[in-house]
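Student: I have just opened this model and would like to get to know it. Could you walk me through it?

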Amino acid sequence: MAPKSRAPVYVLGVGMTKFIKPRGKVDYTELGYEAGIKALLDAGITYDDVDNGVACFCYGDSTSGQRVFYQFGMTQIPIVNVNNNCSTGSTGLYMGRTLIASGASDCTLVVGWEKMMPGSLGSHWNDRENPIGTTYVMMAQTRGLTKAPGAPQIFGNAGREYMEKYGAKKEDFAEIARINHAHSVNNPYSQFQDVYTLEQILQSPAVHDPLTKLQCCPTSDGGAAAVLVSQGFLDAHPHLKDRAILIAGQALTTDAPSLFSKSAIDLVGREMTQKAAEIALGEAGITARDCQVCELHDCFSANEMCLIDALGLSEPGKAHEFVRSGAITYGPNTKVVVNPSGGLISKGHPLGATGIAQCAELVWHLRGWANNRAVKGTKYALQHNLGLGGAAVVTVYKRPDGQEAKVKSNEEVARVNGVGYNPAVEARGFTEEQADKVRSKRRSEFALTRTLQLMKAAQAKA
């Protein structure tokens, strides 16, 4: 089926917090607020320009989105709360684009965050069916169960199958992690910024063969936000066009019956990724190999291996050879730089923010702002975000002028973005005056009240 023609939708502004270890030091209200204010400042608009809100999170009570958005203003716009597992943030971007492309919105603010618990992911609803319970049963029947956490078992088994079928080695998966850790040193928002040798990664504690600890993404606290706008909005604000990046193609897909084919690779959503890539790339009129930079869902190195294949970056069954050749990192053999941000493995993975943070990274590349990790000749950028259960979102971004990104100096960026520094290479906060400039005139300062300690004190007295 040919991709449907859609009205143009642009990413006008992005912003994010630094991703940090989940230690309960920052609440979700603060994470969402910081990301949202930064995105509004970056877009050069105010919250009064926003006519729809999309809030993205997995762990939190219903209407947490309103709790965050009311801090920007209380303008009575529609606010939708989204939960789609690890693809929650990019699902929010998909919803925002759909609203605008359909004519239901001209300016949508998408904000994602997560305040997580330390340690591996687990279910919070043990009195009912687990949404991915059938995935675990299929894994148990085909590969058996170990004492390792569930997620690394599922993805580690996919890595084992890739080794069995195509000849990949443990060193190939470790090389993926080595590259992502190496990339992270240039991303100021990355949770970890440590460089490791291949041997150190292989010798880190075993989790589920072939995965070791340094090949697994951490849980994280963090927030990210994006402002999406229509062609009409951009035409009405021509002075903002130089920062707008076009969503050239996008698709959200779910699982096919192949999920239960007894293949460990199919069990991690190979076909839904392939379908999403086919639709998004088809809409953009390109192939995956036309992209110079890619942010993909490397929750584990094994998943990145499978995704390089499923997205069409490599020949089928040849992802390990693609990695070995140096094709996914900076150097003389580069084909596409994968996860210049450090990826989930090193940058971190606050579920509701991850997809939007990927978007921010690629927007910075296409603007030419990511000058410390720029990829020569960047014209198209590819994003992939996946959640078991399942949902896959693939997005293609390009500059509206169709040209390659020209790398800008920090001084050039500081002159045009209104915050006085380059947010692609420096993670800073913002002043109260800057926040006041973009918050709605229709607001209540009471929405900024930190209520948790007050509630606990009241409960203690009861």
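Student: Which residue in β12 does glutamine 383 stand opposite?

Tutor: This is a predicted model, where local features need pLDDT of at least 70, side-chain atom pairs count only at pLDDT 80 or more, and totals for chains, interfaces and linings use all residues. Residues are numbered from 1 along each chain as its sequence is written, and side-chain values use heavy atoms, leaving out hydrogens and water. β11 and β12 pair in the antiparallel sense over 8 bridges (two strands pair if DSSP finds at least two bridges between them). Within β12, the residue opposite glutamine 383 is threonine 395.

Student: Which residue in the turn of the hairpin of β11 and β12 has a positive phi?

Tutor: Strands are DSSP runs of E with at least two residues, helices are runs of H or I with at least four, and both are numbered from the N terminus. The hairpin has 3 residues between β11 and β12. With a phi of about 125°, the residue you want is glycine 389.

Student: How many of the 8 residues of β11 are buried?

Tutor: Buried means under 20% relative accessible area, exposed means over 50%, and partly exposed lies in between, using a 1.4 Å probe and protein chains only. Tyr380, Leu382, His384 and Leu386 point one way from β11, while Ala381, Gln383, Asn385 and Gly387 point the other way, and all are buried. Strand β11 spans residues 380-387, and its buried count is 8 of 8.

Student: Which strands are at the edges of the open sheet, pairing on one side only?

Tutor: The sheet has 10 strands in the order β3-β2-β4-β7-β1-β8-β12-β11-β9-β10, with mixed pairing.

Student: Is arginine 439 buried or exposed?

Tutor: Arginine 439 sits in the loop between α15 (432-438) and α16 (452-461). Leaving aside neighbours within four places in sequence, its contacts (heavy atoms within 4.5 Å) include Tyr33, Phe72 and Glu445. Its relative accessible area is 5%, so arginine 439 is buried.
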